[in-house]
Amino acid sequence: MHMALMPNNKIIVFDRTNFGPSNLTKKNCPNINSLQPQQDSSSSCYVHSVEFDPSKRTVRPLTILTDTWCSSGALSNDGVLIQSGGYQRGERVVRYFTQNTDWVEDPNGLVTPRWYASNQVLNDGKIIVVGGRYQFSYEFIPKKTDSDLKLYDLSFLKETRYLDNVPNNLYPFLHLSPDGSLFIFANDRGILLDYGSNKILRRFSAMPGGVSRNYPSTGSSAMLPLDLNGNVGIPKAVILICGGTSPDSNLKAVAGEFIPATKSCGRLTITEVNPKWEMEEMPIGRVMGDMILLPTGDVLIINGAGKGTAGWDSARDPVLNPVLYRPGNEPETRFETLAPTTIPRLYHSTAHLLSDGRVLVGGSNPNRSYNFSTLFPTELSLEAFYPPYLSSPNRPLITSMKPVKKEMSYNQTISVHFRSNYEVNGEKGISVNLVAPSFTTHSFAMNQRVLVLDMRELENKGKSNKGKWYEYVSDGHAPSSAAVAPPGYYMLFVVVDGVPSRGMWVRIVNE
């Protein structure tokens, strides 16, 4: 249900704590019966969170005491996974996970309950938590100042509810605009919010089509790569939203009628003066699809269903084919349908980019508990999706960078040393990209961000290693501001002719 990548390349995976017995147990764990009355009372506790090492394919059991069902999270600027909200006794909890340790919980970390809320890392390193079921407000975590203890009303979340029984604006899409404001999309429309003064700066027109895009009519969203070449002013920011279904789809699914999901996508350039939605269509209609930004700047659309909606047993026709979206192409050539999986990934499935360029895909449980004998059984497997670039024999290799500590401050001069097994024809086919790791749940990869760095010079150092490699140095600049690139950890990739290297972890510090 939830997935996050740590800077040690290990994935933190968890679902909810009251699904019932899991396939893993942990000995000598705390007595959690007072917190989770549904839990087993034996000497062993069932495990609902693990640390997964993709390189070794091993898991380490972790302990969560309170229910994380339909919660949210983000990686802090110092590399701590901060996870917020959930259900019942977990609804006001903020949980902290540091590498090589276990979860630590603050039972009063939130001012108000947050269930189906979204998080975004901000330019000052704080994390904003927006919305949630029956919550029309936002707040900040961790609680470090008096202003963090306040609750901020957001009437926009009331305005975007279509039906009392089906909000259709849960898990709102959040994207930090490079001008420092926050783009919020709920249901079928968006705003730019000055979260510091609690003022709506702009209201954007409704996305055409009469379709709801947020939970439970779940579509997905990503901000397309920010191109920092030229390193001047505020870069253009384009929001992409794809998929979803009709506002009443959830109610109809409960009654046994499964409405086809939409094929429509929309692009909105939120940094323009008078932006308009640019509409296009995916090859396949999809609800509950995950949109994952790849190191190349392309968008992978994966998982989901062709009919129905999010919720218990509320979807049909699993969409097994991933789709690749190339935002720089002409509209008629942007989408490519890829080879299918054999495993349906429906409600409570997720996906996450790994630093080696693969995408980890896991989960799917459209049932109220673990159920292995129903139409769409609980799926406990993980699988790796290999984007087309991984079939190339010509992957570049990062050998070093300056600053040598892999920490950079804003506007700092940087140098990236890399190898290619063929001679690169000029600078046009080369980019150095930063990718922020996401917290992925319910078809929304919170905080994911791709930055195409301003790299102005490329030097060919000639052949090395008995002529097997061409050595290159690319010089340029770190991002210009915290609004463009919030402080924290990123994966740095060199992309040569559409093929990325393995990622190197770097950290942007706000000195």
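Predicted model: local features only at pLDDT ≥ 70, side-chain atom pairs only at ≥ 80, totals over all residues.
The lining of the second largest pocket divides into nine nonpolar, nine polar and four charged residues. The pocket's volume is about 480 Å³. Its lining comprises 22 residues, and Thr296, Gly297, Asp298, Val495 and Gly498 are the closest to its centre. Strand 36, residues 430-436, gives the most to this lining, with three residues.

Now step back to the whole chain. Its secondary structure comes to two helices and 44 strands. The radius of gyration is 22 Å, close to the 24 Å that the globule rule gives for 511 residues, so the chain is as compact as a globular protein of that length. Along the principal axes, the C-alpha trace spans about 65 × 55 × 50 Å.

Next comes the largest pocket. It holds about 560 Å³ of space. Its lining has 27 residues, with Val13, Asp15, Val50, Glu379 and Leu380 nearest the centre. Strand 2 (11-14), strand 5 (49-53) and strand 31 (359-363) are the elements that give two or more residues to this lining. Strand 5 gives the most, with three. By class, the lining has 13 nonpolar, twelve polar and two charged residues.

Strands of a sheet pair through backbone hydrogen bonds, either parallel or antiparallel. Here, six strands form an open sheet in the order 6-5-2-1-37-38, and the pairing is antiparallel. Which strands form its edges? Strand 6 (58-62) and strand 38 (444-446) do, each pairing on one side only. From one strand to the next, the twist averages 20 degrees. Within this order, strand 1 (residues 2-5) and strand 37 (residues 439-441) run antiparallel and are joined by three bridges. Alanine 4 has phenylalanine 439 of strand 37 as its bridge partner.

Three bridges join strand 26 (residues 305-308) to strand 27 (residues 315-318). Alanine 305 has proline 318 of strand 27 as its bridge partner. The two strands make a hairpin with six residues between them. In that hairpin, glycine 311 takes a positive phi near 130 degrees.

Rolling a probe the size of a water molecule over the atoms shows where empty space is left. How many cavities of 30 Å³ or more does a search of the whole structure find? The search finds nine. About 140 Å³ of space lies in the largest cavity. It is lined by 14 residues, and Leu75, Val121, Ala436, Tyr489 and Tyr490 lie nearest its centre. Strand 11 (118-121) and strand 42 (488-496) each supply at least two residues of this lining. Strand 42 gives the most, with three. By class, the lining of the largest cavity has eight nonpolar, five polar and one charged residues. Domain 1 (2-390) and domain 2 (392-508) each supply at least three residues to this lining.

Technical notes: Residues numbered from 1 in each chain as written. Heavy atoms only, no water. Pairing = 2+ DSSP bridges. Helix = DSSP H or I, 4+ residues; strand = E, 2+ residues; numbered from the N terminus. Axes fitted to C-alpha atoms, helices over the stretch in contact; angles between N-to-C directions. 1 Å grid on protein atoms, 1.4 Å probe; cavity = no way out; pocket = protein on both sides within 12 Å on 5 of 7 lines; lining within 4 Å. Points joined across faces, edges and corners; volume = space filled by probe spheres on them. Nonpolar A, V, L, I, M, F, W, Y, C, P; charged D, E, K, R; others polar. Domains from an automatic or database assignment. Rg over C-alpha atoms; globule rule 2.2 N^0.38 Å.
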